[in-house]
Structures are given as C-alpha cells and as structure tokens.
Amino acid sequence: MLRAGSVVTCIACRNLLPSRMGVKFRVPLQKLHPLSRAIHHRYTANNNPQRPPHCSAARHYTSLSRLPMRPPKSRSGGHGYQQHRSFWVARLAARLLKLRYILLGSAVGGGYTAKKTYDEWKDMLPDMSQYTWIVPDFVWELSENIDLDKLASALPELEDIAKLLPDMEKIGENFTFLKSLLSSGLGSEVNGASGLRLLLETTGESTLRATDIPPTSAAMSDSNEKQFKKSSDKEKVDQLQEELLRTQLKYQRMLERLEKENKELRKVVLQKDDKGIHQRKVKKSLIDLYSEVLDILSDYDSNYNTQDHLPRVVVVGDQSAGKTSVLEMIAQARIFPRGSGEMMTRSPVKVTLSEGPHHVAMFKDSTREFDLGKEADLAALRHEIELRMRKSVKEGQTVSPETISLSVKGPGIQRMVLVDLPGVISTVTTGMAADTKETIFSISKAYMQNPNAIILCIQDGSVDAERSIVTDLVSQMDPQGKRTIFVLTKVDLAEKNLASPSRIQQIVEGKLFPMKALGYFAVVTGKGSSNESIDSIKDYEEDFFQSSRLLRDGMLKAHQVTTKNLSLAVSDCFWKMVRESVEQQADAFKASRFNLETEWKNNYPRLRELDRNELFEKAKNEILDEVISLSQVTPKHWESILQKKLWERVSTHVIENIYLPAAQTTNSGTFNTTVDIKLKQWTDKQLPHKALEVAWETLQEEFARFMAEYKEKDQDDIFEKLKEAVKDESIKRHKWNERAMDSLRVIQHNALEDRSITDKSQWDAAIQFMEETLQSRLKDTDSVIADMVGPDWKQRWLSWKNRTPEQHIRNETKNELERLLKLHEDHTAYLANDEVTTVRKNLEARGVEVDPVLIKDTWHQLYRRHFLQKALLHCNLCRRGFYYYQRHFVDSELECNDVVLFWRIQRMLAITANTLRQQLTNKEVRRLEKNVKEVLEDFGEDTEKKVQLITGRRVQLAEDLKKVREIQEKLEAFIEALHKEK
C-alpha cells in the first residue's frame with residue numbers, strides 16, 4: 001500500500017482505472033467500484049479515527065471483510081516476542097495470498113466497469129448508417145479497383161504539408177494591424193478595404209464559395225513590416241489586399257488541380273463500370289428518369305387541367321444577351337448554332353445535363369451519339385439542331401413552340417434540366433412574321449408561369465440597363481423573386497465601357513432593376529469569337545476576374561463570379577425545388593387518374609381501354625382480313641361482273657359508232673368492211689384502256705363490298721374514317737400493270753377477227769344478246785324522247801301535268817319529223833340542210849319558232865328509235881337464219897351480218913372478262929394487298945394521321961388514361977430513386 005498524506009490509495013484501486021480507457025481526468029475515490037472501496041477502507045479505517053468509515057455496508061457482502069481480528073501487539077520481550085517473530089514468514093505468505101484475491105477481484109470489477117462505460121459511449125454515438133447515401137457507390141468500390149496502400153504511400157508526409165501552410169503568427173499580426181486600421185477610421189481609405197472585409201466574411205459559407213479566400217500562406221517578412229510602417233495607410237491596405245488575392249489564386253489553382261484529378265478518377269471508374277467490371281444491374285440515372293417525365297408531360301394535354309408544374313431551369317433573356325453562351329458553358333461544349341446579331345434560337349431546346357464517363361450528346365428521338373470532344377461531331381450537332389429548328393417552324397412563321405429535346409453527358413457536369421428559349425425582341429425586322437414578338441412573349445410566359453420553374457434571367461452587361469426588356473417580363477412572372485437567378489454577362493465589356501463601375505455593383509446587389517432574385521451572378525462567356533473553345537473561355541474568365549478591380553475593390557464577391565459557381569448554384573436550387581414539388585405533382589396526377597378511370601367505368605364498362613395505337617392495330621388486322629377475302633371470290637363471279645360492266649361501258653360506242661354507221665351501207669360486203677375497220681380502230685385506241693378501267697373499278701367495288709359486309713357485323717364504328725382513308729389511298733397508289741394492256745389488246749383483236757359461229761346455240765345466244773341490247777337502247781331512247789316532249793294527253797288529263805314552252809316546241813318538231821320519216825323510211829341518219837329548212841318553215845307556218853340545232857337534236861333521237869325498231873324486227877327474222885349463215889346467205893334475201901357482229905362483240909367480252917379475271921386473281925389482288933399494307937405502315941408511323949382518322953371521346957379518354965398512368969409510374973419511380981439518393 002501507498003500512503004500520501006491523509007489519503008490512502010492502494011495499488012488495486014489504481015488498477016481499476018486502466019490507461020487504455022482514455023480517461024484524462026482524476027476519478028475521486030468515491031467513484032470507485034464498491035468492491036475496491038470495501039477492500040481499501042478495511043485497512044485504513046483505524047488510521048483516521050475522526051473520519052467516518054465509507055460504505056460500511058460493503059462488509060456484509062464480501063468475504064474479504066470477515067478476516068479475524070488480529071491480537072494487540074505486545075512489545076515485551078520473552079517467549080511471546082520470539083513466537084511472534086517465528087511466524088512472520090507464515091504471515092507474509094498469508095498476506096500474499098490475500099493480495100492475489102484482491103488483484104483478481106480488482107481485475108474483474110475493472111473489466112465490468114470498462115465494458116459498461118464502452119457500451120454507454122457507443123449508445124451515445126449517432127447512427128451513421130442513415131447517411132451512407134452521401135458517399136457515392138463508386139467510393140465503396142474503390143478498394144476493389146484502386147490500390148489504396150500505393151495511393152497512401154504516394155501522398156506527402158505531414159512535415160511536407162506543414163511547410164506549405166502559412167505562418168499563422170505573422171498572418172495574425174497582419175490581421176491585428178488591419179483591424180486597427182479599420183477600427184481607427186481612415187475615411188476614404190476604409191472604403192477601398194471594404195471588399196477585403198466582405199471576402200473574409202464569406203469564406204466557408206457554402207459549397208458555392210469553395211473558391212473563397214483561404215488563410216494566406218505568404219509570410220510577411222521583417223522588411224515588409226518596416227515598409228508598412230513607413231508607407232501610408234492606403235498603400236498598406238492595397239498591398240495587403242494584393243497579398244490576399246495572390247494567396248487566393250494560389251489555393252484556387254491547387255483546388256482546380258485536385259478537382260481535375262478527381263474528375264479524371266471518376267471518369268476512369270465510370271468507364272470501368274460501363275465495361276462490366278462490376279456486375280451490377282444497369283439502371284437509369286436520376287436526372288434521366290426526371291427528363292423522361294418532362295418529355296411525356298410536354299406531349300400531354302388533359303381536359304382535367306392537370307398542369308405540368310415540375311421544375312426545370314428556364315433560360316430567358318434579350319436577343320444576343322448571351323443565353324446560349326451561358327448554357328454552353330454549363331454544358332461545357334459549343335453545341336448551339338450561332339450567328340452575329342441574327343436570331344438563332346427559333347424554338348425551345350430542352351437540355352438534360354448529367355454526369356457520365358464520356359462527353360457526348362444525343363437527341364431524344366435518335367440513337368446517334370455526338371462526341372463533343374471532336375470538332376466534326378460538334379459541327380454535325382449544331383447543324384442538326386439548326387435543321388430541327390427550321391423544320392419545326394411552320395410556313396409563314398419565325399419561331400415555333402415545339403420543343404427539341406437533347407441530353408448532354410460528361411465528367412463533372414452538374415445534373416439539371418434547362419430550357420433555352422428564343423431571345424426576347426423589341427422590334428420585328430424584315431423577314432420576320434408580324435406576330436414574332438408576341439409569339440416569343442407567349443412561349444416565354446408559358447414556361448415561366450410554372451410556379452416551380454427556376455428562371456435564369458440573362459442580362460447583357462455591355463448595354464445600358466434601361467434597354468432591357470426581359471427584366472420587366474421576369475418581374476411580372478415572379479414579382480417576389482423566389483425562383484429567379486439573375487446573371488450578368490459580358491462583364492469584361494461592362495467594366496471596360498462603363499464610366500462608373502459601381503453601376504455593376506448596383507446590378508448584382510439587386511438595387512438597379514425593379515426585379516428581385518434569389519441570387520446574382522456575373523460571368524464572362526468569351527471574347528465574342530465563335531471559334532473559342534470552352535477551355536480558353538474558362539481561362540479568360542478566370543484571368544479576368546483575378547485581375548479585375550470589381551473583385552479586388554469588393555464590388556463583387558468571390559462566390560458571385562464565374563460560370564462554375566453559377567452552375568453549382570443553379571443545380572442546388574433545381575434539386576431543392578424538385579424535392580419540394582415532385583410529390584405534390586404526383587398526387588395531382590393520381591387524382592386525375594382516378595377521375596379518368598371513373599369516367600371510363602361509367603361510359604364504357606364492357607370495353608377494354610385501348611389507346612389510339614392499339615385501336616389502329618386492331619383496325620389494321622380487320623382491313624387486312626378484308627383484303628384477303630378478295631381472293632375468295634369465285635372466277636364465275638369475277639367474269640360475270642366484269643363482262644356486264646364492260647358492256648355497259650362500251651355499248652354506246654358499239655351502237656352509235658360501229659353498228660349504226662355500218663347499217664347505213666347498201667350491201668353486206670360494205671357492211672362487213674365498215675365493221676372491220678371500226679373494230680380495228682376501236683381495239684387499237686380505246687378498248688384495252690376501257691377494259692382495264694372496268695377491271696380496276698370492279699376491284700374497288702368488290703373491296704368496298706367486303707368492307708361493307710364487315711361493317712354490318714360487330715364492327716367498331718370508330719374505324720370508318722380510317723378504313724375509308726386506307727381504301728382511297730390504296731386505290732390512288734395502285735397502278736395496273738402496263739404490260740397487261742398490250743397483251744389484252746392482242747387478245748381482243750384476235751377475238752374480234754373470228755366470225756365463225758360453230759353451232760345453233762351460239763347463234764341463238766348472239767340473237768338473244770342483240771335483242772336485249774336493242775331493247776335496252778330502245779327503252780332508253782323512248783325515255784329521252786318523253787322527257788323532251790313532255791307529258792302526253794293521258795298524263796295531262798289524269799295527272800294534271802302541262803308541257804313547258806320548250807317541250808311544246810319539241811313536240812311540234814317531233815310530229816313534223818315523224819311525218820318525214822313515214823315518207824322516207826330508208827332515210828339516212830343525218831338531215832340535209834334543205835330538209836332542216838323545210839321543217840323549220842313548216843313549223844313557222846304553224847306559229848312555232850324553232851332553232852335548226854333543236855331540229856337536228858330531235859331528229860337524232862327520233863332516227864335512233866326508228867333504227868332500233870327496224871333492227872329489232874330484223875333480229876326476229878334472223879332467229880331462223882343459222883341455216884342461211886352456214887351457206888353464207890347464198891340464194892337468200894335474208895342477210896344477218898348484224899347478228900355476226902353482235903356474236904363477235906359477245907365473244908370478245910367473254911374472252912376479255914376471262915383475261916381480266918386472271919390478271920385480277922393472279923397479280924392485282926396481291927398488289928392491292930401489298931399497297932394496303934404499305935398504306936397502313938405509313939399511317940402507323942404518322943401520328944397526326946392517326947389523330948385525324950381515329951377520333952372520339954372514347955379514344956381521347958383512353959389516350960389520357962395511358963398518359964396519366966405512364967406519368968404517374970415514372971414519377972413514382974423517380975421519387976423512389978430520389979429518396980434512395982437522400
């Protein structure tokens with residue numbers, strides 16, 4: 001045991017506080033374990049009789065406290081003393097045994113106490129597993145791909161890093177001196193140092209200020225201190241500011257170097273990830289999911305007023321203010337077409353920025369990737385964007401509201417969605433549409449009126465602020481400035497041209513314009529040359545702000561400059577707005593989906609929810625089934641309808657131009673010669689063409705008939721317009737094989753050359769065909785004459801009808817011409833001029849004024865009737881003339897050459913119908929089916945066509961349901977991914 005004054009402490013008690021527990025303070029004796037206190041005070045109680053014993057109750061719970069009482073020591077000599085001396089070895093052994101138990105009990109109690117204290121401290125620590133999302137996945141996988149030991153060995157030692165750190169004692173002295181200057185009131189000199197004070201106050205505030213002023217590293221030497229004392233106060237302040245800026249530049253470059261190395265490292269990791277080193281499931285990034293939602297919403301138009309209120313960054317500004325240049329700096333590539341003073345942005349361009357291993361760009365509706373590291377691909381991308389813009393602009397317009405969707409990926413790019421809008425103009429120039437200014441305003445307002453849209457207001461710093469148009473527009477859409485970020489471009493020109501640089505300070509502090517904003521930034525986007533690269537622009541921007549008096553004099557703060565800080569600020573604001581509004585938007589679409597589903601269940605309970613594309617596929621199958629049904633038409637049916645329609649088409653020509661002129665001849669030889677000549681001319685010029693027309697019309701009619709039969713069944717009326725359009729377009733595209741006409745001409749010519757009737761049945765068939773034809777023509781002629789002369793006396797008396805004056809003249813003319821025919825039954829088909837004059841004078845004598853043209857027209861109809869009546873009489877006489885025909889009408893007054901003519905016509909019709917039927921069934925039906933398929937494929941790719949042809953509330957309701965469900969699913973997937981990233 002050890003004794004220290006009045007406090008007695010044993011070694012066992014000391015051992016209860018092991019050094020490995022990390023306790024730096026002294027623990028009072030009362031805090032020790034009860035077992036230790038019992039042991040300790042067992043042997044120290046009699047030494048201090050005034051002090052009350054501690055924890056006497058402990059004696060009842062330990063066997064060590066029940067040791068036998070020692071007898072009082074006897075100082076007298078003799079046998080007792082000798083006996084006491086002889087047992088000192090035994091007593092020493094007993095005490096050593098007691099000490100073993102003491103040490104064992106102390107170790108057990110100390111271990112228990114240490115374990116309990118460790119558990120208490122562990123419970124007090126926060127659960128860090130909830131914050132693992134902060135560290136990206138690739139960090140946990142670095143150990144698998146990167147040798148961390150080798151990387152750690154490459155890092156500098158602490159001694160080397162300490163040498164790079166500034167001398168804090170000297171810096172403290174300089175700050176003390178500066179503080180004394182600022183507090184002593186230097187008048188105008190203090191104003192010059194206000195920028196330094198602002199820079200010192202803004203260090204370490206946020207990630208946007210990563211380039212703010214760190215502690216200075218250049219130690220002020222003794223000579224500099226002497227120089228401070230000798231120089232004026234103003235010079236001391238200027239020198240200190242320059243020293244601070246140099247220090248800031250030094251650490252800025254160090255930070256950029258480290259960021260560049262980090263970017264290269266991330267690029268390597270992402271490339272390895274793409275090659276499949278990590279066997280993980282490939283999934284879309286968070287920003288890609290969000291961009292897909294925006295693309296779907298851009299095409300969505302709902303009647304339930306579920307508006308698109310999802311955030312996006314809307315880039316607005318006056319024309320040539322530098323909007324596109326700022327966006328290119330954020331995207332780190334010159335991707336947009338540009339022109340000097342000319343309007344280049346003619347439609348909104350949605351750019352989705354995300355991080356990736358390669359710097360590439362891709363359109364939403366294309367699979368081609370443009371390598372933004374190659375100038376050829378950059379030029380091709382700019383050309384493609386310009387073509388898409390011009391294609392989207394309708395004829396007679398200058399700008400278009402149609403959005404072009406583009407995605408850009410690359411290492412170190414901040415994730416966000418930006419929309420570049422056409423520049424706001426004040427005057428419509430030559431070549432622009434008259435409503436260009438109003439159209440640009442309406443497009444800009446449509447995007448800015450979204451309450452969750454972040455407005456990136458671009459203002460040209462090189463022009464007078466009073467000429468700005470966009471600031472008034474932005475202040476109208478966001479009067480409180482809760483979602484507006486103001487960007488002042490071309491600050492280098494502004495500093496050079498403005499007589500009062502403090503005007504720039506007023507702009508970025510929000511004191512010059514009436515609009516309000518979340519933040520104000522000043523950037524430089526190059527020297528104005530379109531050939532500058534992004535890296536050269538960044539270097540120029542950095543060099544400008546490092547040497548600019550705007551930053552040196554404190555007019556601008558370090559976190560308010562450079563496009564890098566701007567992109568960081570916009571990205572943070574964008575994601576903050578997304579997290580605040582996306583769930584509310586998802587709830588709105590959920591309610592809209594419920595309303596649409598309820599309407600469908602009430603109106604169309606037994607129908608499936610087929611959208612326009614699904615309905616088109618259904619109609620497509622029905623149309624193809626109808627086309628295939630054409631192949632099931634029997635050959636007999638084809639030939640019957642073809643022969644009938646062909647005779648209806650050519651019968652007038654045969655009667656009027658062949659039979660009637662030939663009948664005017666005096667003998668059979670001349671008759672046959674005239675017929676052969678007329679038939680040859682007809683076959684060479686008109687007949688094949690007429691036959692193909694009839695065949696094509698017949699095919700159309702049969703196609704339409706099959707469609708009508710399907711319509712009578714359980715066909716959906718919603719397909720009527722589509723089927724009619726497909727039929728018309730297919731017929732329009734179909735062209736009969738040109739070779740068919742030549743072969744058909746030869747066949748028809750050979751059929752008409754044959755005059756031989758082999759048997760009586762053919763003769764009777766020809767007689768019947770001739771008789772039916774003449775009767776039909778006679779009936780038509782009687783009808784025409786009746787219409788010309790008006791009602792007869794029976795109709796006038798019974799039906800109370802009267803003739804018109806023209807009909808009265810026609811009737812008188814008819815009566816006069818009929819008397820002429822009775823006198824000359826063998827009259828020719830045409831009236832002579834003297835006969836026309838005679839008829840006209842006879843009518844005038846009866847008080848009827850008539851025109852010679854009317855006389856000839858009436859004569860034509862009367863003579864045709866007279867001729868047809870005579871031909872029918874002759875046809876009846878020829879019924880028994882087959883015997884004379886076989887003898888070539890020798891020794892017979894009966895001549896039936898007209899019957900032979902009709903037999904030749906009838907045979908030609910039968911052969912032509914058979915030939916056309918073969919062409920139809922073997923070739924044309926298949927070609928029509930092919931045309932129908934092509935038309936359906938073209939219609940299927942044309943969205944506008946499908947919208948025009950498949951219409952109705954049912955279709956629109958199904959379309960809205962599909963869109964809302966898709967949007968809701970995409971939003972839910974995005975929200976889930978967003979929560980996982982948190």
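A nonpolar core here is a set of buried Ala, Val, Leu, Ile, Met, Phe, Trp, Tyr and Cys residues joined through side-chain atoms within 4.5 Å, where buried means under 20% relative accessible area with a 1.4 Å probe, protein chains only. Keep in mind that this is a predicted model, with local features needing pLDDT of at least 70, side-chain atom pairs counting only at pLDDT 80 or more, and totals for chains, interfaces and linings using all residues. Numbering runs from 1 along each chain as its sequence is written, and side-chain values use heavy atoms, leaving out hydrogens and water.

**Exercise 1.** Find the largest nonpolar core and the residues with the most contacts inside it.

*Solution.* Start with the count: the largest core has 101 residues. Next, look for the top contributor: helix α35 (residues 897-941; a DSSP run of H or I, at least four residues) gives the most, 17 residues. Finally, another core of 67 residues lies apart from it, with L289, L294, L353 and I404 among its members.

**Exercise 2.** List what Y659 is in contact with, skipping neighbours within four places in sequence.

*Solution.* Y659 then meets V654, F671, M770, L774, F867, A871, D898, L901 and F902.

**Exercise 3.** Decide whether T683 is buried or exposed.

*Solution.* First place T683: it sits in helix α25, residues 668-685. T683 has 0% relative accessibility, so it counts as buried. Beyond residues up to four places away, T683 touches P688, R745, Q748, H749 and L752.

Definitions and conventions:
Helix = DSSP H or I, 4+ residues; strand = E, 2+ residues; numbered from the N terminus. Buried < 20%, exposed > 50% of the residue type's maximum accessible area, 1.4 Å probe, protein only. Contact = heavy atoms within 4.5 Å.
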